[in-house]
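Subject: The model we talked about

Hi there,

Here is the structure I promised to pass on. Please have it open while you read, as my notes follow below.

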Amino acid sequence: MKRIKKQLVAVILAITILGTGLIGSYTTVPAAEFSAGALAAYETLEWITAAFAGAGFTISVKELLKPRKSEIEKDLGKDIDWDNYDWGDMLDSPAAQDQIDELDKTINKLYGNASAKWKEMYEKSLSPTPTPESSPDQPQPSPPVTVAPIDPDKVTPPGWDTLRKASMKNGYLALGAATYWCLKEAVKGLWDKFMDNTPPSTKIDGNPLSTNSQDLIGRVTTDVTAGSPNAGNWHCEFYIYNKSATIPEYAGFDVGLSKVKDGISKMTLYSCGIVNGKHDYSGSKNYDVAYYVLTSGPRGSGDYFNSGTWNISVDNSNMAGVQNTTYNYQFYIPYLLNGTLQNASIKPIDKNALWVNPDLKNDYDNNKSPSLPETTPAPAIKIPSLDDLKDLQNRGNNANDDERPSIILDWLKNHYTNPSTDPNPKPDPDPNPNPDPKPDPDPNPDPNPDPDPNPDPDPNPKPTTAPNPDDTNTDVNPDDYKADLRLVFPFCIPFDLVHLIQAFEAEPEAPVFEFPFDLELENPWTGKKILDYHHVFKLDMSDYEPVIKIFRIFEIIFFIIGLLMITRQQMIKG
């Protein structure tokens, strides 16, 4: 019985310690201002802003996050006044964090492609030119000529993650020759992607592109190959806009795709209300859209605009001589495809997310590829702080399109730096390293010195001068015999242990457990769903913080009691 009591006390003590670590630990540290995800998103934004600054522009966080507006509002549990809301608070949203992370991954990929191209260029620059063949005019071929190598940051550009880690640690992004070239090509590729996602401008009266009150809710591209009388390839781009001040919560599209014959398909597209997963064409739920179309083909290019309709004429299956049709589409509101509900696509980021300096404004206004300088604007770019980012975003959001480029230029110049500049450089070589304040040359030097004063030296000579222990005059530099033991094995082991423990450092956060519950049932005859229920049950431990505090108090009490009992029984034996 005594053994059972001892084992029971040991088990209670172990459970107490384990419970303290798992449940009580997060309440011992005050909650951070931002969640861990928000802090990671902030750091990524700091890094991306510095990378863009190296090419002469920056990014609007508001426009970057805007394509995920509905998800962000759902995460935060409230509607957002997008023009006046503090964008910093949005970073607590997982959707906002995901949007920023996706942008970082896109630039990472473009930088990697540019880095591979740079290395290929560098290797070619080291290759000798072929030796010319001999000819009657030139019987002796000249030796091969080696092309001078490109300066590739002395070797090759660092990888994206390596560059980011070093820059965040140092507080600046160093722009060497290779780094700048790869960075320039990467952000140029991203700029071009944003321009491709931007609807073209037009002077047609009434086109919603001329105002900011309408939202793009869908894009469709059609391609047709036809024979006589319309022989050739025909291409159309449809940009579909919401006409109201806000997009109705029930707004959607009804899309029909069907095969007419081999290679030819028919597409119908209508705007409609979607209620309970089905279209609703009733007067209260129906709504009109406007759309703008760009066309190109054998007879030239053109455009036209429909200011209001519910029927978007995208079908080409009835064109005379049609041989093949292709349809590509993206809808940024929910839609029905042949009667089945589909989720809205995430709207791609367009040029509105870019804030440029005056030198790039003409390219920006005309949707052109940026004319970036071939050489870096500065040796390095300072990594902006959170306050820098917020100040930049506030000033940019409050400025109009004409004022903003000058604001961006001032901000960029304030973040140009040269970290390698020494304000008090030491000349090399030193013109006078150790001047003698009282030079005393021998006025009567011996004109005929004996070249060999002692041809038979003593094999065991005695020192002519006794050493003086008080003599502190020495040419030995003590720093030459110093070493950082943190970097020398085995003395580095304790420091490695500290780094290992620091790797587990994280912001305290109450755990949240999610339990998805999905219930679906289909009609075996029609294949349609008759039951489609999805719900996620959440258990947020922060809701039980008062109870956990009480539990922690009893944990400490039981721990002390258990420690007293084990000490008395095992050590005092009384």
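Let me start with a strand pair: β14 (residues 380-382) and β15 run antiparallel and are joined by two bridges. I381 has Y416 in β15 as its bridge partner. Please keep in mind throughout that this is a predicted model.

These two strands belong to an open sheet of three, in the order β2-β14-β15, with antiparallel pairing. The edges are taken by β2 (172-174) and β15 (416-417); each has a single partner strand, so one side of each has no neighbour in the sheet. As a reminder, strands of a sheet pair through backbone hydrogen bonds, in either a parallel or an antiparallel way.

**The chain as a whole**

The protein chain has 574 residues, and 30% of them count as buried. It contains 13 helices and 17 strands. Looking at contacts with a separation of 6 or more, 67% are between residues 24 or more positions apart.

**A second sheet and a hairpin**

Another open sheet has five strands, ordered β7-β6-β5-β11-β12, and here the pairing is mixed. β7 (278-280) and β12 are its edge strands; each has a single partner strand, so one side of each is left without a neighbour in the sheet. From one strand to the next, the twist averages 40°. Within this sheet, β6 (residues 264-275) pairs with β7 in the antiparallel sense over three bridges. One of the residues involved is I274, whose bridge partner in β7 is H279.

The hairpin is made by β8 and β9, with two residues between them. Eight bridges join β8 (residues 289-297) to β9 (residues 300-309), and the two strands run antiparallel. If you want a place to look, S296 has S301 in β9 as its bridge partner.

**How some of the helices pack**

Helix α2 (residues 36-53) and helix α7 (residues 160-170) pack at an angle of about 100°, their axes 11 Å apart. That angle makes α2 roughly perpendicular to α7. On the α2 side the contact is made by E43, T44, E46, W47 and A51, and on the α7 side by W160, L163, R164, S167 and M168. By class, these residues are five nonpolar, two polar and three charged.

α2 passes α10 in a left-handed crossing. Y42, L45, E46 and T49 of α2 meet L386, L389 and K390 of α10. This contact divides into four nonpolar, one polar and two charged residues.

The axes of α10 (residues 386-397) and α11 (residues 404-414) come within 10 Å and cross at roughly 165°. The two helices are therefore roughly antiparallel to each other. The crossing of α10 past α11 is right-handed. D388, L392, R395 and G396 in α10 meet R404, I407, I408 and W411 in α11. Sorted by class, that contact has four nonpolar, one polar and three charged residues.

**Backbone details to check**

Most residues other than glycine have a negative phi, and most peptide bonds are trans.

- The peptide bond from S228 to P229 is cis, with omega near 10°. P229 lies in the loop between β3 (216-226) and β4 (232-242).
- N338 is not a glycine, yet has a positive phi of about 55°. N338 sits in the loop between β11 (335-337) and β12 (340-342).
- N367 also has a positive phi of about 55° without being a glycine. N367 is in the loop between α9 (361-365) and β14. Its relative accessibility is 26%, so N367 counts as partly exposed.

That is what I have for you. Happy to go through any of it with you.

Best wishes

Technical notes: Residues numbered from 1 in each chain as written. Predicted model: local features only at pLDDT ≥ 70, side-chain atom pairs only at ≥ 80, totals over all residues. Heavy atoms only, no water. Axes fitted to C-alpha atoms, helices over the stretch in contact; angles between N-to-C directions. Helix = DSSP H or I, 4+ residues; strand = E, 2+ residues; numbered from the N terminus. Parallel < 35°, antiparallel > 145°, perpendicular 65-115°, else oblique. Left-handed = near helix turned anticlockwise from the far one by under 90°. Contact = heavy atoms within 4.5 Å. Nonpolar A, V, L, I, M, F, W, Y, C, P; charged D, E, K, R; others polar. Pairing = 2+ DSSP bridges. Buried < 20%, exposed > 50% of the residue type's maximum accessible area, 1.4 Å probe, protein only.
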